[in-house]
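Hi,

Here is the structure I promised to pass on. Have a look first, and my notes on what turned up follow below.

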Amino acid sequence: GDEKDFLAGTFTADWVRPTTEPPGADDAPFVQGGVTVAGAKADTEVRVGYVGTGKGADFAQDLLQMPFAGKGLSGRSDHGKPRVTTYVAAETPDKAGRYEHTRLAAGKSLVFAAAAGAPPAAKWVTVPADGKLTLDLVVDAGKAGKLDVKAPAGAAGKLQLVPADDAPVAPEVFGPAASAAGLEAEVRDGVARFERLAPGRYEARLGDLTGTAEVKLNETATLELAPPKK
């Protein structure tokens, strides 16, 4: 102002890495890779995300939805700072986009990509403290199977699935992971039906009822849930 007064001090500014540059040591631990949507069209949208456990009571998850393709198009989510999720759209629908989940907490996370009309592509990864992992995801409506999960008489509610892991998935992660990946179905007339699932093993839960099933390409698998043993 006219009195020539001023304020002096220091501040910290976040530097946002350009999407044209790959993640580096400052972004570790991170998981990054390509996303392909078979048969994608100009208006196809994609969801990329992860669900996992952070340090202590910190719960880690993020989800970013945006157009799959678009030259120069990218999106960024940093709601879970310091963790950041980024998606760089494919230049054309017949090419691959690119995702990044950076500054994750070390541990296990379900990383996934999904698009309408196709089964989500999802996989559990174990991220070490300095991990720099690459995982390419392919979403393909033409490569799917079906699953019918039969519930005991009187059982009702929303049945949830996640890709099976080496050990049973922790309860605090199971529900959010199934919901984020869109792997849920209501029990109707004693059966929960999944019309499109990527081939592989799945763990199912309905309350305290659990089970695992193997879904095969172009086949319908059946899983019958039994009450827990007393």
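Predicted model: local features only at pLDDT ≥ 70, side-chain atom pairs only at ≥ 80, totals over all residues.

**What I found**

Strands β12 (residues 158–163) and β15 (residues 200–206) run antiparallel and are joined by four bridges.

Zooming out, β12 and β15 belong to an open sheet of four strands, in the order β13-β12-β15-β16, with antiparallel pairing. At the edges sit β13 (184–186) and β16 (209–215), each of which pairs on one side only. On average, neighbouring strands in this sheet are turned by 25° against each other, ignoring direction.

There is a helix to go with that sheet: α1 (residues 171–181) lies across β12, β13 and β15. Its direction is at about 95° to β12.

Now for another part of the chain. Strand β4 (residues 74–77) pairs with strand β5 (residues 84–88) in the antiparallel sense, over four bridges. The two are connected by a hairpin of six residues.

Which residues of β4 are on its covered face, and which on the uncovered one? Gly75 and Ser77 make up the covered face, while Ser74 and Arg76 are on the uncovered one.

Cheers

Technical notes
Residues numbered from 1 in each chain as written. Heavy atoms only, no water. Buried < 20%, exposed > 50% of the residue type's maximum accessible area, 1.4 Å probe, protein only. Pairing = 2+ DSSP bridges. Axes fitted to C-alpha atoms, helices over the stretch in contact; angles between N-to-C directions. Contact = heavy atoms within 4.5 Å.
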